[in-house]
Amino acid sequence: MSRRPDDAGRRGQLIRESARLFRAKGFEATSVRDIAAATGLQSGSWVYHFKTKQDILAAVMEEGLQRALERIEAIGREQLSPREHFRSLLRAHLETILAPGQDFIPVLLYEWRALAKKSRPRVVALQRRYEAVWDKVIAQLQRSGEWAQPTRIDRLLMFGALNWMAHWYRPDGPFDVAQLADEAERFFLRAPRARAKSVARPRVVRSAGSGRR
């Protein structure tokens, strides 16, 4: 049975407001009453869309990954060089976790342990699709030599640095998202510093009859 447009709208509102509350207060500290108050629904009305608060948490994470996937897969259909592709992915990822109203992926990052085990396979499947896009581009950069000195855990190290920005980034700070993406590109694709070449001293050629006096 297809949902009516107003039902789909209320479901979307529940997911958005729940994501905002889970990020601001934490999953455990957010009550069903908090969600109902934020959405203007009666306390029992949200059960029409979700049976439990756990179901809402899973929906928040899946919504975030679906949105992020749609965006980076669209980037992949453009005719971009590996470096341009990587630059676009960085910008998209940082906007996904730092832009105003983007609460879905931060909830995924910081409330993963609160998600019930039965719901994790669906979320993990979406994560793997997301990571596969990055793996392909990183491999291209490694083959071209633009990703200097690759390791076996490049993607893990990269996401660790990028995702941590959600902890310290402030919209009124010295960098906007576009500038952070530029700095991240410069950091990850920084060429190793060339060793200074020793300058050979010119040899003094003396004539056959020259000598010390």
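The chain contains 8 helices and 0 strands. The model is predicted. Read along the sequence, the pattern is α-α-α-α-α-α-α-α. The chain has 213 residues, and 37% of them are buried. Its accessible surface comes to about 14100 Å². Carbon and sulfur atoms account for 51% of that surface. Among contacts with a separation of 6 or more, 69% join residues 24 or more positions apart.

The largest nonpolar core has 54 residues. Those with the most contacts inside this core are Phe-86, Leu-94, Leu-98, Trp-134, Met-158 and Leu-162. Two or more core residues come from each of helix 1 (5-25), helix 3 (53-76), helix 4, helix 5 (104-110), helix 6, helix 7 (154-168) and helix 8 (177-188). Helix 3 gives the most, with 11 residues. Leu-162 touches Leu-90, His-93, Leu-94, Ile-97, Ala-184 and Phe-188, leaving aside residues up to four places away in sequence.

Helix 4 (residues 82-98) and helix 6 (residues 120-144) also meet. Their axes come within 9 Å and cross at roughly 145°. The crossing is left-handed. On the helix 4 side, the contact is made by Pro-82, Arg-83, His-85, Phe-86, Leu-89, Leu-90 and His-93. On the helix 6 side, the partners are Tyr-130, Val-133, Trp-134, Val-137, Gln-140 and Leu-141. By class, this contact has 9 nonpolar, 3 polar and 1 charged residues. Phe-86 and Trp-134 take part in this contact, and both are among the residues with the most contacts inside the largest nonpolar core.

Terms used. Residues are numbered from 1 along each chain as its sequence is written. This is a predicted model: local features need pLDDT of at least 70, side-chain atom pairs count only at pLDDT 80 or more; totals for chains, interfaces and linings use all residues. Side-chain values use heavy atoms; hydrogens and water are left out. Axes are lines fitted to C-alpha atoms, for helices over the stretch in contact, and angles run from 0 to 180 degrees between N-to-C directions. Helices (H or I, at least four residues) and strands (E, at least two) are DSSP runs, numbered from the N terminus. A crossing is left-handed if the near helix is turned anticlockwise from the far one by less than a right angle, and right-handed if clockwise. Contact means heavy atoms within 4.5 Å. Ala, Val, Leu, Ile, Met, Phe, Trp, Tyr, Cys and Pro count as nonpolar, Asp, Glu, Lys and Arg as charged, and the others, Gly among them, as polar. Buried means under 20% relative accessible area, exposed over 50%, partly exposed in between (1.4 Å probe, protein chains only). Accessible areas come from the Shrake-Rupley method with a 1.4 Å probe; for residues, only the protein chains shown count as cover. A nonpolar core is a set of buried Ala, Val, Leu, Ile, Met, Phe, Trp, Tyr and Cys residues joined through side-chain atoms within 4.5 Å.
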